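Please open the model in your viewer and keep the selection tool at hand. The stops below take you from one chain to the places where it meets its partners.

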Number of protein chains: 2
Amino acid sequence: MSANIILFVRSPEQLTIAFRNAGLKVTPQRQLLFRLLHDNSTHPTAESLFTVASSEMPGISLRTVYQTLTDLADMGELTSIDFGSGASHFDPNVAHHHHAVCDTCGAIHDVYVDDAPRLTGLDGFSVEHSHIVYRGTCAACS
Amino acid sequence: MSANIILFVRSPEQLTIAFRNAGLKVTPQRQLLFRLLHDNSTHPTAESLFTVASSEMPGISLRTVYQTLTDLADMGELTSIDFGSGASHFDPNVAHHHHAVCDTCGAIHDVYVDDAPRLTGLDGFSVEHSHIVYRGTCAACS
DNA sequence: AATCTGTCCGCAAGAGTTGCAGATTAGCAA
DNA sequence: TTGCTAATCTGCAACTCTTGCGGACAGATT
């Protein structure tokens, strides 16, 4: 079950190879971030990742976290999503999926549902991607 | 056809009444903004609305535009949507609908499609809203 | 006329993010 | 292993979007 999902979250080793292939270097800072992102379904912000990273590697810079996240996004290894909270959330799960956001606690859950209905009524618009955001109250908050 | 949609965009007169009922005053600045928002499907940002407003009323403050948009949002007369562009977009169409965003020109189109599929697989999550964003290329850009 | 309430505006501050530059280091080649 | 070079790291400044604050101002009420 979860194996199906893990297929779409790159391991630190895979990211290492991808970075080298792209002519990018694999530094200790990046290795740490690869590890923290692996199988991470919390949809962290740059700031929250920085906090966790700092506890393992005091002195790591928030700037470096942003830089690495940008690199990963450019390579398509994660997506940056804006749920309107002010800060961008990063999702290392590159499988096609959608999200449910709890308006009470802010938790963001990956959801796998049928695709959005086909877009009609906009002649000539070619859809490349559709993303559904469900908002409501999660089990823990209700 | 469009009459069905217009039902969900308040007229300046309706907004005037709503503001007075809420104990808020209806100033020339607000009347101007009510008018600029009426039947406006461009999903403006505060800044773009400010630019247009300034041409009709030089001296109007960006601060006032934000304030009025906030008031309208608090009253439920418009919604603020973040498409990840950095700035919030405001939508005076309060009917339940979704959006198609052109990745080339940034245009945002209202779309009326079937609702998103029912959320399954997240036990206990009660959905209050769902919002679909289609991304791709609009007719004019392709 | 005095007062009271809400508004307008400019400015400063706040959050999130990016640009910049000097010091440092990974990766490669000899 | 050593050395070279381009990439990276970090701290800081700058930038964008948005909100807080306070004085001036306007309309209504007493």
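This is a predicted model: local features need pLDDT of at least 70, side-chain atom pairs count only at pLDDT 80 or more; totals for chains, interfaces and linings use all residues.

Residues are numbered from 1 along each chain as its sequence is written, while chains are lettered from A and ligands numbered from 1 in the order in which they are written.

**Stop 1: chain A as a whole**

Select chain A, whose C-alpha atoms fill a box of roughly 50 × 40 × 30 Å along the principal axes. Its secondary structure comes to five helices and five strands, where helices (H or I, at least four residues) and strands (E, at least two) are DSSP runs numbered from the N terminus. Read from the N terminus, the order is α-α-α-α-α-β-β-β-β-β.

Now colour domain 1 (2–91) and domain 2 (98–141) of chain A separately; these bounds come from an automatic or database domain assignment. The centres of the two domains, taken over C-alpha atoms, are 23 Å apart. Five residues of domain 1 of chain A and five residues of domain 2 of chain A make the contact, a term that requires C-beta atoms, placed from the backbone, to lie within 7 Å.

**Stop 2: a helix pair in chain A**

Select α2 (residues 12–21) of chain A together with α3(A), whose axes come within 9 Å and cross at roughly 135°. Axes here are lines fitted to C-alpha atoms, for helices over the stretch in contact, and angles run from 0 to 180 degrees between N-to-C directions. Because of that angle, α2(A) is oblique to α3(A); angles under 35 degrees count as roughly parallel, over 145 as roughly antiparallel, 65 to 115 as roughly perpendicular and the rest as oblique. Show side chains for Pro12(A), Leu15(A), Thr16(A) and Phe19(A) in α2(A), which meet Arg30(A), Gln31(A), Phe34(A) and Arg35(A) in α3(A). This contact has four nonpolar, two polar and two charged residues, with Ala, Val, Leu, Ile, Met, Phe, Trp, Tyr, Cys and Pro counted as nonpolar, Asp, Glu, Lys and Arg as charged, and the others, Gly among them, as polar.

**Stop 3: a helix pair in chain B**

Move to α4(B) and α5(B), whose axes come within 9 Å and cross at roughly 120°, so that α4(B) is oblique to α5(B). Ala46(B), Leu49(B), Phe50(B) and Ala53(B) of α4(B) make the contact with Leu62(B), Val65(B), Tyr66(B) and Leu69(B) of α5(B), and the contact has eight nonpolar, no polar and no charged residues.

**Stop 4: between the protein chains**

Select chains A and B together: 32 residues of chain A are in contact with 32 residues of chain B. On the side of chain A, β4 (108–111) and β5 (126–137) each give two or more residues, and β5(A) has the largest share, with twelve residues.

**Stop 5: the DNA strands**

Finally, select DNA strand D, which 21 residues surround, the closest being Leu24(A), Thr27(A), Ser61(A), Thr64(A) and Ser88(B). The surface near DNA strand D has five nonpolar, eleven polar and five charged residues.

Definitions and conventions:
A residue is near a molecule or strand if its C-beta atom, placed from the backbone, lies within 6 Å of it. Two residues are in contact if their C-beta atoms, placed from the backbone, lie within 7 Å.
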